[in-house]
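Here are a few friendly notes to read alongside the model. Please keep the structure open as you go through the points.

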Amino acid sequence: MKSELQSVAWPPDPIKTERLVLREPELRDRPALVELLASPEVGTYIGGARPRDLLEEKLPQVPDRRTGLFVVELDGAMIGTVTLDQRDADEVRPELAEVELGYLFLPSSWGKGYASEACTAALEWFAAARPGAPVVLTTQVANTASMRLATKLGFTEVDRYEAWGAEQWLGLWDPR
């Protein structure tokens, strides 16, 4: 049996919203990707920023292309990423969904509704590609902005648990 992500056509045509484009990574995205992963603000709830020199050394010149990874573009420049990742069987509550939504945005783009717009578009794409398939989202309870976004996107809480030294929130988005 194919997993939820293995059975979707990839890559899709770029997804255009009112202000954004969701597309595959390109060579021109590398500097913004380094900035994103090296940002102390971005790293606050995901284990910390990665060292910039290490990213410059190890990050491929052309960012990895993989099923479920969207670069979020505003006015021709990358401002973040949205991912739909296949979950492992050892994840918390694996019976809920096979796919997990994730997102990272440059701090300069925070508070403008871009994450909501991009995640909504990615979820709509996934719902069309895999009708009826649910999606989960995990975030630290302390990440209040992410908790607000999850609620706005229609995720409902199904579990809280302790991991990585903090209380985690697990939400479910079920289009059925």
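1. Strand E2 (residues 20-23) and strand E3 (residues 69-74) pair in the antiparallel sense, over 4 bridges; two strands pair if DSSP finds at least two bridges between them. Helices (H or I, at least four residues) and strands (E, at least two) are DSSP runs, numbered from the N terminus.

2. A word on the source: this is a predicted model, where local features need pLDDT of at least 70, side-chain atom pairs count only at pLDDT 80 or more, and totals for chains, interfaces and linings use all residues. Residues are numbered from 1 along each chain as its sequence is written, and side-chain values use heavy atoms, with hydrogens and water left out.

3. What is the order of the strands in the open sheet? The 8 strands run E1-E2-E3-E4-E5-E6-E8-E7, with mixed pairing. Strand E1 (15-16) and strand E7 (156-163) stand at the edges with a single partner strand each, so one side of each has no neighbour in the sheet.

4. Ala 163 has Ala 166 in E8 as its bridge partner. The two strands form a hairpin with 2 residues between them, and Trp 164 in the turn has a positive phi of about 55 degrees.

5. Now look for the aromatic pairs, of which the structure holds 4; rings of Phe, Tyr and Trp (its six-membered ring) pair if their centres lie within 6.5 Å, and planes under 30 degrees apart count as stacked, over 60 as edge-to-face and the rest as tilted. One of them is the edge-to-face pair of Trp 10 and Phe 70, at 5.1 Å centre to centre and with 70 degrees between the planes. Trp 10 lies in the segment before E1 and Phe 70 in strand E3, so this pair ties together parts 60 residues apart in sequence.

6. Finally, the helices: the axes of H4 (residues 114-129) and H5 (residues 144-153) come within 10 Å and cross at roughly 45 degrees, with axes fitted to C-alpha atoms over the stretch in contact and angles running from 0 to 180 degrees between N-to-C directions. Where they meet (contact means heavy atoms within 4.5 Å), Ala 115, Ser 116, Cys 119, Thr 120 and Leu 123 in H4 touch Leu 149, Lys 152 and Leu 153 in H5.
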